[in-house]
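This briefing concerns the structure shown below. Please keep the sequence and the model at hand while reading.

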There are 2 protein chains.
Amino acid sequence: MIFVDACFGRETPYTPVWMMRQAGRYLPEYREVRRKIGNFLDMTKNPEAVAEVTLQPVEILDVDAAILFSDILNLPMEMGLPLRFEPGVGPIFDRQISTDKDIDSLDPEGYKKLEYVYKGVELIRKRLHPSKALIGFAGSPWTIATYMVEGKGSKHYSRIKKMVYSDPMTLHRLLGVLTENTLNYLSNQIDAGADVVMLFDSWGGALEQEKFLEFSWNYMKEIARKLKERYPNTPVIGFSKGVGLYLEKMDGKFDVIGIDWNTPMERAVEVFQDRYTLQGNLDPTRLYSKTATKEGVDKIAQTMKGHRHIFNLGHGILPDVPVENAKFFIDYVKEVTRRGR
Amino acid sequence: MIFVDACFGRETPYTPVWMMRQAGRYLPEYREVRRKIGNFLDMTKNPEAVAEVTLQPVEILDVDAAILFSDILNLPMEMGLPLRFEPGVGPIFDRQISTDKDIDSLDPEGYKKLEYVYKGVELIRKRLHPSKALIGFAGSPWTIATYMVEGKGSKHYSRIKKMVYSDPMTLHRLLGVLTENTLNYLSNQIDAGADVVMLFDSWGGALEQEKFLEFSWNYMKEIARKLKERYPNTPVIGFSKGVGLYLEKMDGKFDVIGIDWNTPMERAVEVFQDRYTLQGNLDPTRLYSKTATKEGVDKIAQTMKGHRHIFNLGHGILPDVPVENAKFFIDYVKEVTRRGR
């Protein structure tokens with residue numbers, strides 16, 4: 001698989017490419033499945049629907065990797081927090097975590113209840129072309145904890161940051177429980193057929209540098225370390241958003257580090273050299289215009305020439321991007337990075 | 001004024017300190033005025049109320065500077081866009097800007113309609129102790145334009161970034177009109193008695209580096225340059241949020257550069273040396289705990305020792321911070337930075 005080769009820094013005929021949220025609302029075929037099933041959460045629980053929408057972008061856009069269709073909040077939901085999605089707000093936990101007693105109420109083996117995910121992974125791997133990789137994923141413990149403590153998306157992260165500064169021991173305990181579950185959740189995804197796994201830390205940037213290292217990155221590192229012990233041949237991708245200023249302090253047994261679009265790729269290469277494959281980082285809004293897409297891809301390709309690289313957006317694809325432009329992005333990346341050009 | 005001295009890099013007996021949003025909801029005295037007036041927007045239009053709440057944190061906390069109580073959106077409102085504030089959403093422009101015709105409909109001299117602001121500045125300067133500075137302010141053209149194009153706060157800034165990538169000329173025209181208005185708006189604040197002026201670019205970080213320089217920082221620089229021609233003795237503060245990765249590319253005739261809390265102060269000093277006074281940057285959530293406040297202040301004070309510095313938070317103070325903790329922050333900064341200690 002060209003994608004797995006790129007994760008390990010082996011030579012590939014071109015730079016492989018996929019898009020975060022590529023199984024998503026910008027695709028009419030995705031919207032059709034969602035219409036049939038009724039809502040997002042039910043889709044994530046239906047292995048057939050999961051397989052279908054996961055495979056759509058591979059068939060339609062010819063990306064080099066499929067990423068499991070799911071949500072990072074399925075795990076805490078199955079650990080015991082009822083989850084709902086409210087239009088215009090997003091995910092909501094009506095019950096929140098703030099005390100040791102709240103943590104006691106969680107199922108310490110919640111990962112075992114995600115059979116529908118493992119089943120989906122099996123179906124996808126069976127149907128996916130052998131040359132394409134399947135990426136499994138989970139949220140980082142910090143990001144999951146943030147949702148569990150705040151109850152929903154947050155602007156200032158006041159509740160969890162109160163814990164960071166006033167009750168760090170309770171928070172560390174919660175992060176420990178989540179780390180154990182996430183490790184096993186990803187292991188099960190690999191056992192079911194995932195070729196690569198990725199940790200999404202959407203809210204790493206909510207913390208200043210030393211607190212980010214203590215409350216987020218260290219737990220991600222622990223998961224990566226234990227995964228590599230269990231599965232040395234499965235690449236692990238770490239992606240924290242909003243931490244471009246902290247790169248110097250980020251290490252660990254990852255094969256790939258995701259770079260968000262705010263971080264100039266020059267800087268990421270300067271910091272990491274070729275210790276990791278770097279994944280990213282086109283600004284997703286560039287996909288509104290083919291000219292802007294081309295300009296952005298050219299710049300990144302130039303910077304990453306001769307370096308370990310997987311092309312991607314620097315954040316998820318937006319729902320109102322024309323499919324034609326997404327297709328142009330994928331095709332153009334392959335064209336411009338083809339070796340011997 | 002110790003504050004103005006620090007802006008120009010002159011020696012001061014201690015590092016002066018104030019807080020963004022210090023005239024705000026965490027103060028019971030502020031909430032009382034707001035209750036009497038009824039709503040936020042009416043408060044900004046009432047010079048007596050403006051003066052009263054602007055002076056409150058000086059009296060209560062003994063900060064070294066007062067900052068005019070107002071909103072960055074009063075200017076575009078007076079240029080012709082009706083503004084309202086919706087609880088839980090924030091500011092909303094029901095009519096948005098997207099075409100040349102929309103720009104034609106704006107009052108190119110809207111800044112003249114902000115007499116209530118100039119009147120407020122006069123009242124404050126009259127009542128404020130002569131040792132304390134009064135900071136006037138405006139939003140950056142890019143940040144104001146973002147509100148005018150998006151209509152309200154935004155997660156992905158899709159509409160204005162579509163303009164960045166598909167219709168940059170129209171956007172540059174809008175930014176030009178805003179730049180001219182902002183320059184005159186700040187000039188009038190200085191004429192009315194402001195000792196210092198500050199440009200707030202809350203959404204600079206919505207752009208990748210080169211686009212940030214083109215669509216935001218360049219306009220801020222132009223305003224600073226022209227202000228310094230007119231008022232060489234009035235310090236100008238530039239503050240863009242979310243651009244810690246772009247510092248190397250930021251220059252201009254500012255006296256002070258604000259640093260957000262995501263940006264390690266070490267890095268800011270390394271990049272700017274003592275070309276500017278640096279303002280910032282305690283994480284506002286540290287104010288939830290005195291221990292965390294102390295730890296954070298100690299670290300910043302250590303880093304900035306011997307450098308040009310104004311102490312501040314790295315973002316606005318949050319409404320649920322205890323006044324006692326805010327007071328502790330101000331007192332502790334003065335204590336720990338006092339020379340000869």
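In which helix is B:Ile103 found? B:Ile103 lies in helix α6 (residues 100-104) of chain B; helices (H or I, at least four residues) and strands (E, at least two) are DSSP runs, numbered from the N terminus. This is a predicted model, in which local features need pLDDT of at least 70 and side-chain atom pairs count only at pLDDT 80 or more, while totals for chains, interfaces and linings use all residues. Residues are numbered from 1 along each chain as its sequence is written, and chains are lettered from A and ligands numbered from 1 in the order in which they are written.

**Two partly exposed residues of chain B**

- B:Ile103 is partly exposed because 19 other C-beta atoms lie within 10 Å; a residue is buried with 20 or more such atoms, exposed with 12 or fewer, and partly exposed in between, with C-beta atoms placed from the backbone.
- Apart from neighbours within four places in sequence, B:Ile103 is in contact with B:Ile97, B:Arg173, B:Leu174 and B:Val177, where contact requires C-beta atoms, placed from the backbone, within 7 Å.
- B:Val177 is 74 residues from B:Ile103 along the chain, and their C-alpha atoms are separated by 8.4 Å.
- B:Lys228, in helix α11 of chain B, is also partly exposed, with 17 other C-beta atoms within 10 Å.
- Beyond its neighbours within four places in sequence, B:Lys228 is in contact with B:Val236 and B:Lys253; B:Lys253 is 25 residues away in sequence and 7.3 Å away in space, C-alpha to C-alpha.

**Parallel strands of chain B**

- In strand β8 (residues 277-282) of chain B, 6 of 6 residues are buried.
- Strand β7 (residues 256-258) of chain B runs parallel to β8(B) and is joined to it by 3 bridges; strands pair if DSSP finds at least two bridges between them.
- Within β8(B), B:Gln279 stands opposite B:Gly258.
- The chain passes from β7(B) to β8(B) through helix α12 (residues 265-272) of chain B in a right-handed β-α-β crossover, meaning that the path from the first strand over the helix to the second runs clockwise with the strands pointing away from the viewer.
- β8(B) also pairs in the parallel sense with strand β9 (residues 309-313) of chain B, over 5 bridges, and B:Asn281 has B:Asn312 as its bridge partner in β9(B).
- A right-handed β-α-β unit is formed by β8(B), helix α13 (residues 290-304) of chain B and β9(B).

**Relation and contact of the two chains**

- Chain A superposes on chain B by a rotation of 180° with 0.0 Å of shift along its axis (RMSD 0.0 Å), using least squares on the C-alpha atoms of residues with pLDDT of at least 70 in both.
- That is the relation of a two-fold axis.
- Of the residues of chain A, A:Leu245 comes closest to the rotation axis, at 3.1 Å (C-alpha).
- Contacts link 24 residues of chain A with 24 residues of chain B.
- Helix α9 (residues 158-166) of chain A supplies the largest share of the side of chain A that touches chain B, 5 residues.

**Burial in helix α9 of chain B**

- In helix α9 (residues 158-166) of chain B, B:Ile160, B:Lys161, B:Met163, B:Val164 and B:Tyr165 are buried.
- The cover over the buried residues of α9(B) includes α13 (290-304) of chain A, as well as α8 (141-150), α10 (168-192) and α11 (209-230) of chain B.
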